[in-house]
Amino acid sequence: MPAKKNRTNLISKFQAALKQKLTAEKYRHSLRTADWAKEIAGFCNYDPDTAYLAGLLHDCAKTSDAGYLLAQAQKRRIRLTKKYRENPLLLHSPLGAALAREEFGVTDQKILNAIHYHTLGRAKMVKLEKIIYVADYSEPGRRSPAARQIRRLLRKTGDLNQAVKIKKETNARKFGETA
Ligand SMILES: [Fe+2]
Ligand SMILES: [Fe+2]
């Protein structure tokens, strides 16, 4: 991570850009995810600034325009698996990793992977991937019973793996078996 002053500037710059790109609701969700990712990082001994940045950018390609997502993904040769063909809106995750690099200049592969896998996850996720996977799903604006359960669990025990398991189970019901 860059020095503190640069980091603060970078975050302000990213926030301003996201505010332009995203709907007001998705922008607020991004801020909440970033704050919550930072808090989760504190529970499980991870660098809070990296978690904040990944949380902030995780939905940088979020849109409800499936045609745009498909075209942009094809342009970057993102592999269109069955899940992506059936639900093109999920493409905002791998496309988000590409845009974080292209538009925001992020080069930290850990952050890019955390963005790429924030919706569907994957086998053998590293800690930052788990933090973002869970933070997106359970930030305080999320009202589902599973989201509430994860918030309670993390605040009480900091058990990130258990939190991942809860989201995986609900994802499996929603999208079929993932990772
Ligand atoms: Fe997302
Ligand atoms: Fe999100």
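This is a predicted model: local features need pLDDT of at least 70, side-chain atom pairs count only at pLDDT 80 or more; totals for chains, interfaces and linings use all residues.
**View 1. Helices α3 and α7 sit oblique to each other.** Residues are numbered from 1 along each chain as its sequence is written, and chains are lettered from A and ligands numbered from 1 in the order written. Helix α3 (residues 48–57) packs on helix α7 (residues 109–116) at about 40°, axes 9 Å apart. Helices are DSSP runs (H or I, at least four residues), numbered from the N terminus; axes are lines fitted to C-alpha atoms over the stretch in contact, with angles from 0 to 180 degrees between N-to-C directions.

**View 2. Who meets whom between α3 and α7.** Thr50, Leu53, Ala54 and Leu57 from α3 meet Ile111, Ala114 and Ile115 from α7 (contact: C-beta atoms, placed from the backbone, within 7 Å). That's six nonpolar residues, one polar and no charged.

**View 3. Helix α8 packs against helix α9.** For α8 and α9 (residues 145–157), the angle is about 125° and the axes are 9 Å apart. That makes this pair oblique too. Val134, Tyr137 and Ser138 of α8 meet Ala147, Ile150 and Arg151 of α9.

**View 4. A close-up on Ile40.** Leaving out residues up to four places away in sequence, Ile40 touches Ala51, Ile131, Val134, Ala135 and Leu154.

How values were computed: Two residues are in contact if their C-beta atoms, placed from the backbone, lie within 7 Å. Helices (H or I, at least four residues) and strands (E, at least two) are DSSP runs, numbered from the N terminus. Angles under 35 degrees count as roughly parallel, over 145 as roughly antiparallel, 65 to 115 as roughly perpendicular and the rest as oblique. Ala, Val, Leu, Ile, Met, Phe, Trp, Tyr, Cys and Pro count as nonpolar, Asp, Glu, Lys and Arg as charged, and the others, Gly among them, as polar.
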